[in-house]
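Hello,

Here is the structure I said I would pass on. My notes follow below it.

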Amino acid sequence: MSSKVPPIILNNGVEMPQLGFGVWQVPDDEAEQAVTTALEAGYRSIDTAAVYGNEKGTGKAIAASGVPRKDLFVTTKLWNSDQGYDSTLRAFDESLDKLGLEYVDLYLIHWPLPARGTFVDTYKAFEKLAADGRAKSIGVSNFLPEHLQTLIEATAVIPAVNQIELHPHLQQHASREYHAEQGIATEAWSPLGQGKGLLEVPAIIAIAQKHGRTPAQVVLRWHLQLGNVVIPKSVTPSRIKENIEVFDFSLDTEDIAAISALNEDRRIGPDPAALDMV
Ligand code: NAD
């Protein structure tokens with residue numbers, strides 16, 4: 001995989017770029033331009049989802065890019081209303097069709113919906129998609145360790161990835177530890193805390209000034225040095241470029257410790273144990 005972003009190796013031996021481009025809240029008609037800008041800037045991993053409504057725009061940018069398919073890593077996610085074995089297979093076909101692809105690199109269950117008790121059947125359909133080579137890797141999103149445990153006990157393929165909300169204000173120690181024990185890669189959504197107060201925290205600004213970098217670059221670097229996969233989102237070309245220029249400097253132990261001290265266990269998004277939206 002030729003890219004300026006180094007890969008991590010998933011538990012099935014597949015390489016995944018450690019930094020990708022997220023497209024949540026990018027309207028379908030703007031996704032093509034945003035993804036095109038990201039691919040030009042050197043991103044090779046794109047994170048979309050059925051519920052984002054922009055798989056078509058994302059697929060158009062991929063098709064027009066001229067980047068060989070084997071050099072791309074495309075993730076999409078199964079929406080909640082499609083959980084269940086047969087409905088998952090149907091929803092996957094729809095996603096592939098919208099993306100204009102023959103396979104995805106990673107397919108994720110978007111939320112566990114524990115009250116419904118359908119994620120095991122859903123994941124069994126994921127195992128079929130993996131066996132058929134149509135999803136090169138399979139995983140989950142927003143699963144707490146207790147959900148992962150239930151899943152692992154009932155199915156054959158350990159998820160390659162769990163994509164969870166993770167940023168300096170929500171450092172997810174218990175999940176990260178459990179993932180490490182099970183060989184599951186931790187992927188951070190909202191890695192920049194959605195760009196709100198986090199990038200104005202004095203400790204982060206001070207570290208940014210020390211390295212001659214931006215606060216966003218410092219936060220992304222913190223994730224990378226912890227071993228997280230990150231998928232920052234932006235539609236602003238200068239920020240899209242800025243967010244990938246994070247492989248030519250390092251934070252020192254003191255910087256990492258200062259950022260790690262910012263944990264408040266504070267979520268921006270919903271609690272996965274409670275979310276039951278379809
Ligand atoms: P993020 O932490 O990536 O923040 C994005 C926002 O930060 C941008 O809209 C912009 O306002 C700001 N920003 C970006 N780059 C910046 C820069 N260099 N300087 C200053 N501000 C900057 O938040 P996100 O979009 O919520 O998360 C990233 C991706 O994670 C999403 O696009 C999506 O792909 C994924 N995601 C997944 C789930 C899930 O349930 N699995 C949920 C939310 C997001």
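**Charges over a ring**

The charged end of Arg69 is placed over the ring of Tyr103, 3.9 Å from the ring centre. Lys136 also lies over the face of Tyr103, at 4.6 Å from the centre of the ring. The criterion for a charge over a ring is NZ of Lys or CZ of Arg within 6 Å of the ring centre and within 35 degrees of the ring normal.

Before the rest, the conventions. This is a predicted model, in which local features need pLDDT of at least 70 and side-chain atom pairs count only at pLDDT 80 or more, while totals for chains, interfaces and linings use all residues. Residues are numbered from 1 along each chain as its sequence is written, and side-chain values use heavy atoms, with hydrogens and water left out.

**Aromatic pairs**

Searching the whole structure gives six aromatic pairs. Rings of Phe, Tyr and Trp (its six-membered ring) pair if their centres lie within 6.5 Å; planes under 30 degrees apart count as stacked, over 60 as edge-to-face and the rest as tilted. Phe92 and Tyr107 make an edge-to-face pair, with 4.8 Å centre to centre and 65° between the planes. Phe92 belongs to helix α3 (residues 85-99) and Tyr107 to strand β6 (residues 104-109), so this pair ties together parts 15 residues apart in sequence. Helices (H or I, at least four residues) and strands (E, at least two) are DSSP runs, numbered from the N terminus.

Phe92 is buried at 1% relative accessible area, and Tyr107 is buried at 0%. Buried means under 20% relative accessible area, exposed over 50%, and partly exposed in between (1.4 Å probe, protein chains only). Ring pairs join Phe92, Tyr107, Tyr123 and Phe126 into a cluster.

**Ligand**

The ligand is surrounded by 27 residues, the closest being Asp47, Ser141, Ser190, Leu192 and Asn243; a residue is near if one of its heavy atoms lies within 4 Å. A ligand oxygen is 3.3 Å from a polar backbone atom of Val23. For Trp189, an N or O atom of the side chain is 3.5 Å from an oxygen atom of the ligand.

**Asn162**

Asn162 is in strand β8 (residues 161-165) and is buried, at 0% relative accessibility. A polar atom of its side chain lies 3.4 Å from the backbone nitrogen of Asn142. Leaving out residues up to four places away in sequence, Asn162 touches, among others, Val140, Phe143, Leu148 and His179; contact means heavy atoms within 4.5 Å.

Regards

Note on methods
Polar contact = N/O pair within 3.5 Å; in protein donor to acceptor, adjacent residues only side chain to side chain.
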